[in-house]
Amino acid sequence: MSEVKDKVKELLNKVNRPGMKELMDFLEKSDYYEAPASTKYHGAYKCGLIEHSYKVYEILKEKIEYHKLDVSEETLILVTLLHDLCKVNFYKTDYRNAKNAKGEWEKVPYYTIDDTIPYGHGEKSVMMITEYIKLTNEEKYAIRWHMGFSEPKEQYVTLGQAFKKYPLALLLHEADMETTYFYNT
């Protein structure tokens with residue numbers, strides 16, 4: 001895990017925006033580098049969030065090159081590595097009884113949700129990031145709409161408009177889904 005953590009830190013250190021040092025300090029003090037990506041669906045293990053985010057970075061980088069989009073390295077780094085910032089300090093470890101391989105009951109850890117900032121998903125990540133640094137409109141839209149069609153169907157028209165206006169948002173969604181379903185991170 002430390003290899004991915006080092007790569008993520010190296011990338012984030014390339015971002016040269018006012019407030020980035022404070023954002024990096026926040027990440028260090030939070031559980032960003034140890035948090036799971038979910039409770040059971042993908043990356044439901046220690047450091048799952050940064051593994052997931054780094055894989056999204058790798059896939060989105062390829063997609064941007066393939067589609068010849070004009071996206072800065074800072075934008076690529078920010079939208080991928082911080083798209084799920086809303087998951088920081090979001091999961092807690094609890095214990096339940098389960099039978100082990102011998103058929104004996106034992107306490108086993110599992111992740112639960114403790115959402116102290118109930119503000120949605122993409123919009124919460126945008127809010128948390130912009131408490132430290134300024135994002136471009138393209139970055140805000142990409143992060144806000146990265147969940148794509150898992151948003152409520154009442155949002156589909158707005159989502160489609162966002163994807164049309166900012167193709168990066170669609171590609172981030174695709175990279176996020178590919179990472180989740182092809183790599184289980």
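Please keep in mind that the structure before you is a predicted model.

Let me begin with the helix itself. Helix α8 covers residues 167-183. Its packing partner in this talk is helix α6, made of residues 137-144. The axes of α6 and α8 are 8 Å apart, and the two helices pack at an angle of about 35 degrees. Their crossing is right-handed. Which residues make this contact? From α6 come E138, Y141, A142 and I143, and from α8 come L168, A169 and L172.

I now turn to T180, which also belongs to α8. Is T180 buried or exposed? Its relative accessibility is 9%, and because buried means under 20%, T180 counts as buried. Leaving aside residues up to four places away in sequence, T180 touches H42, H52 and T185.

Finally, consider Y183, another residue of helix α8. Y183 has a relative accessibility of 44%, so Y183 counts as partly exposed. The class of partly exposed residues lies between the 20% limit for buried and the 50% limit for exposed. Y183 also takes part in a nonpolar surface patch, together with Y181 and F182. The area of this patch is about 440 Å².

To summarise, α8 contains T180, which is buried, and Y183, which is partly exposed. Thank you for your attention.

Notes: Residues are numbered from 1 along each chain as its sequence is written. This is a predicted model: local features need pLDDT of at least 70, side-chain atom pairs count only at pLDDT 80 or more; totals for chains, interfaces and linings use all residues. Side-chain values use heavy atoms; hydrogens and water are left out. Patches are made of residues with over 30% relative accessible area and no salt bridge: like charges are joined within 9 Å, nonpolar side chains (Val, Leu, Ile, Met, Phe, Trp, Tyr) within 5 Å. Accessible areas come from the Shrake-Rupley method with a 1.4 Å probe; for residues, only the protein chains shown count as cover. A salt bridge is a side-chain nitrogen of Lys or Arg within 4 Å of a carboxyl oxygen of Asp or Glu. Helices (H or I, at least four residues) and strands (E, at least two) are DSSP runs, numbered from the N terminus. Buried means under 20% relative accessible area, exposed over 50%, partly exposed in between (1.4 Å probe, protein chains only). Axes are lines fitted to C-alpha atoms, for helices over the stretch in contact, and angles run from 0 to 180 degrees between N-to-C directions. A crossing is left-handed if the near helix is turned anticlockwise from the far one by less than a right angle, and right-handed if clockwise. Contact means heavy atoms within 4.5 Å.
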